[in-house]
Amino acid sequence: MLKILKYSFYDLMRSRWSYVYFLFYLALGFVLLFLNNDLSKAVITLMNVIIVLVPLISTIFGVMYFYNSKEFTELLLAQPLKRTSIFLGQYFGVAGSLTMSLVLGLGLPFVLYGLFKSDAIWDFSLLLITGAFLTLIFTALAFNIAISNENKIKGFGYAVLLWLFLAVIYDGLFLLSLILLEEYPLDSFSLVATMLNPIDLSRTLILLKLDISALLGYTGAVFKSFFGTNLGLMISISMLLLWTILPIWRLAYKSKRKDF
Amino acid sequence: MIRIENLHKKFGKNQVLSNLDLDIKGGGIFAVLGPNGSGKTTLIKSILGMVIPSKGSISVLDKSIKKNWKYRQEIDYLPQIANFPGNLKVKELIRMIKDLRQKESKEDELIKTFGLETFLDKKLGTLSGGTKQKVNIVLTFMFDSPLIILDEPTTGLDPASLIKLKELILQEKGKGKTILITTHIMQFVEEMADEIIYLLEGDIYFKGSIQQLMAKTQQTDFEHAIAAISIQTTDA
């Protein structure tokens, strides 16, 4: 698997898109720091961008890579290699190079600005960790969609829909249900609903870490008492892990049964 | 060498292979023939483990291929359409395949035979169809495996390269290897094949030598004999 990972990773490192992605984050990091002139504020703005953009780019890039490397995959399938290694190798190659672009692209400007001497370092690290998780999760979901759909157009459609659902529609439905059910106690419902969407989960995690939960009123207090504790943090991280592992597992399962 | 029992394959509602039995003892050139859509490529891909059978069993070199991937170390496969990752250079591709296989290889000799020296630093995406096919041939023949599977090996080749390919195939046959070829060029089959496996509607319709085929169809010309089997069945 490591060999496939290596080749996929090299292949991507040489492609223009990795650089575009890297330069985009680099520019974003510098511009935010320049405009805000404050690390913590830049981290908050960055969060809003990361939460929406990382899933979108990972999804699109994942689907695109899977379909584009069809020939490479077929070449590998005739070699003495295990199927799961081929697909997991490619997956980690893509997710790895995306994560690297993200971490380096954002990390560089912040380090240059004096991140290590600032209090924001933990917030910033959490931001990068959730960013990495979102990349892993959405690339895995994208690979899952691509492996189940021979038709590229359909695959792309489903991938974009998935992103739209988790990034936008889910929140809408969530809010709607909160309004409709306002007579009932909704603490645990909203906790669970937050946990079930990796984007919401990441957002809540970062917001609470940034200590601006006071802005969220009563719900904020409930959330704070849950996510703020070590247990809450552990549960959230395990949820993110679960969100990563399940699609990867399905990818491995599907890859063993597919015809090429 | 290859033993296939009761092989079935369905793609959705489309039954491509049905109840196919095949036993190839080994040594010699076997031509897998049949009209378009008769299941030739599916049969080959099943042997390679790229297509997973709906039913039945396949064993290569006396080992079942189910949930097994190491046996592919003993197979050299030339895919039908030489589609390679476009932004790799020829020599990078060769190096990669060598690295993945970890086997002794003789690519230099083959590169010289097919005159690919000047293309080594070119990206695969920029090569012509025929040159790609030559790269494909180099990748297939550079290892020394007892089983060679060629899916339409002649596609896009110029006459000079075709002659070299034939020599190469005969040379490998001389080493006692088993070579499976699918093609639509009957002249190539007539010249090369020791045995013919004729597929029709997902099953083996005829297996035997060219002489046996001509005797069966009462034809004196091989091309007509092949055409005659197709016609016989449409009548039946």
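The model is predicted, and local features need pLDDT of at least 70, side-chain atom pairs count only at pLDDT 80 or more, while totals for chains, interfaces and linings use all residues. Residues are numbered from 1 along each chain as its sequence is written, and chains are lettered from A and ligands numbered from 1 in the order in which they are written.

Let's start with an open sheet of 4 strands in chain B, ordered β2-β1-β4-β5 with antiparallel pairing. Its edges are β2(B) and β5(B), each with a single partner strand, so one side of each has no neighbour in the sheet. Here, strands (E, at least two residues) and helices (H or I, at least four) are DSSP runs, numbered from the N terminus, and two strands pair if DSSP finds at least two bridges between them. Ile2(B) has Ile24(B) in β2(B) as its bridge partner. Helix α1(B), residues 40-48, packs on this sheet and touches β1, β2 and β4 of chain B; a contact means C-beta atoms, placed from the backbone, within 7 Å.

Next comes an open sheet of 6 strands, β6-β7-β8-β3-β9-β10 of chain B, with mixed pairing. At its edges stand β6(B) and β10(B); each has a single partner strand, so one side of each lacks a neighbour in the sheet. In β8(B), Ile181(B) is the bridge partner of Leu150(B).

| Strands | Sense | Bridges |
|---|---|---|
| β1(B) and β2(B) | antiparallel | 7 bridges |
| β7(B) and β8(B) | parallel | 5 bridges |

Finally, helix α4(B), residues 129-141, lies across β6 and β7 of chain B and runs at about 175 degrees to β6(B). Such angles run from 0 to 180 degrees between N-to-C directions, with axes fitted as lines to C-alpha atoms, for helices over the stretch in contact.

Note on methods:
Two residues are in contact if their C-beta atoms, placed from the backbone, lie within 7 Å.
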